[in-house]
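I opened the notebook to record what I looked up in this structure, entry by entry. The entries go from the whole chain to single residues.

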Amino acid sequence: MGRATVADIKGRDFSELDKEAKANTENTNKGSNTNKNRSTTTSDSRGRKNRRRQKKTMVVHPVQRLFDACKDVFAHAGTGFVPPPDKIEQLSALLDEIKPVDVGLSPRMPFFSPQATRRAPTITYLHIHECERFSMGIFCLPPSGVLPLHNHPGMTVFSKLLFGTMHIKSYDWVVGAPSNASAVAEPSQTAQRSEVRMAKVKVDSNLTAPCKTSILYPADGGNMHCFTAVTACAVLDVLGPPYSDLEGRHCTYYLAYPFTKFSGDEQVSIPDEEKDKYAWLQERDKPEDLVVEGALYTGPVIREN
């Protein structure tokens, strides 16, 4: 049995008092009670109409609309999930319309200021929402801030540049290419190193807001990418599903080597003019100079129910 609310208790008390009042006055003041009841009924009716009118005029905030759409699109998301084309278009359209002010951001905030330090600039992450199916958050990068090359295993990711200019370099694995460094590299170049895999460059360019939302998929679209802030910038990310070590979606970082760094193999035949579009990627530990700090998201509160 659920707990009684204050409204429930008050409702019962007022009901009993109302019955007693009616019993004492029904023979002497029927007309008065009838008029009062009519007045109360009219007042209640007007109140209900006003509440309905308020609901109709209530504006749903862009971030709330995005959250509601993500709940629908990623309702059954798991590793390798790719939303159908119409759902991808729906989320992209919602993200395209979101502006910095919609998420409580301004380029004048302190974590976008240039940092006079020899270390890599600190990046700030604003957590909006995360569940088993999807996550929403914002990366805030000061000038020269870098999110190193990393992957998104089995994930579909929407990235919306909210303001500023950012350089994006992304890659996809080359299916069927050699994955063992010893098969393609000189022995002196592979000593004490993990294997390298061949990847193709998907994007290597600057993006300046306002621009269209970028999308990457589990097997294409530039699943491994690196972000470099040309100016202070902010990126709203939607991941479906989010990272999860327990489910095999671990964030892995990579070093990228030019295709010409390692000698060729009979299985790899790339025209000279195309070689700059390929690279060798090698797993690495999380960069020691990568510092990402969490900060309070100050944008509109999301209603989850």
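This is a predicted model: local features need pLDDT of at least 70, side-chain atom pairs count only at pLDDT 80 or more; totals for chains, interfaces and linings use all residues.

The crossing of α3 and α4 is left-handed. I then listed who makes the contact: from α3 come R65, L66, A69, C70, D72 and V73, and from α4 come K87, Q90, L91, L94 and L95. Sorted by class, that contact comprises seven nonpolar residues, three charged residues and one polar residue. For the geometry I noted that α3, residues 62–73, and α4, residues 85–97, pack at an angle of about 165°, and that their axes are 10 Å apart. Angles over 145 degrees count as roughly antiparallel, and the two helices α3 and α4 are therefore roughly antiparallel to each other.

The protein chain has five helices and 12 strands. Of its 305 residues, 39% are buried. I also looked at how far along the sequence the contacts reach, and among contacts between residues at least 6 apart in sequence, 82% join residues at least 24 apart.

Is L91 buried or exposed? I found its relative accessible area to be 0%, so L91 is buried. Setting aside neighbours within four places in sequence, I found L91 in contact with L66, A69, C70, V73, F74 and F158. Among these, A69 is 22 residues from L91 in sequence, while the C-alpha atoms of the two are 6.9 Å apart in space.

Next I moved to strand β5, residues 165–173, where I168 lies. Its relative accessibility is 10%, and I168 therefore counts as buried. Which residues does I168 touch, if those up to four places away in sequence are not counted? I listed V203, D204, S205, L207, C226 and F227. I also checked H225, which is 57 residues from I168 in sequence, yet 6.9 Å from I168 in space, C-alpha to C-alpha.

I counted salt bridges next, and the structure holds six. As background, side chains of opposite charge can pair when their charged atoms come close.

- K275 and D272 meet through their side chains in a salt bridge of 3.1 Å, N to O. I noted K275 as partly exposed, with a relative accessible area of 25%, whereas D272, with 62%, is exposed.
- K277 forms a salt bridge with E274, with 3.5 Å between the closest N and O atoms. K277 counts as partly exposed at 40% relative accessibility, and E274 counts as partly exposed at 25%.

Which residues does a cis peptide bond join? I found one between A209 and P210, with omega about 0°, and P210 is in the loop between β6 and β7, the latter being 214–216. The peptide bond from G240 to P241 is also cis, with omega near -10°. P241 has its place in the loop between β9 (233–240) and β10 (253–258).

S144 sits in the loop between β2 (135–141) and β3 (146–150), and at 49% relative accessibility S144 counts as partly exposed.

Note on methods: Residues are numbered from 1 along each chain as its sequence is written. Side-chain values use heavy atoms; hydrogens and water are left out. Axes are lines fitted to C-alpha atoms, for helices over the stretch in contact, and angles run from 0 to 180 degrees between N-to-C directions. Helices (H or I, at least four residues) and strands (E, at least two) are DSSP runs, numbered from the N terminus. Angles under 35 degrees count as roughly parallel, over 145 as roughly antiparallel, 65 to 115 as roughly perpendicular and the rest as oblique. A crossing is left-handed if the near helix is turned anticlockwise from the far one by less than a right angle, and right-handed if clockwise. Contact means heavy atoms within 4.5 Å. Ala, Val, Leu, Ile, Met, Phe, Trp, Tyr, Cys and Pro count as nonpolar, Asp, Glu, Lys and Arg as charged, and the others, Gly among them, as polar. Buried means under 20% relative accessible area, exposed over 50%, partly exposed in between (1.4 Å probe, protein chains only). A salt bridge is a side-chain nitrogen of Lys or Arg within 4 Å of a carboxyl oxygen of Asp or Glu.
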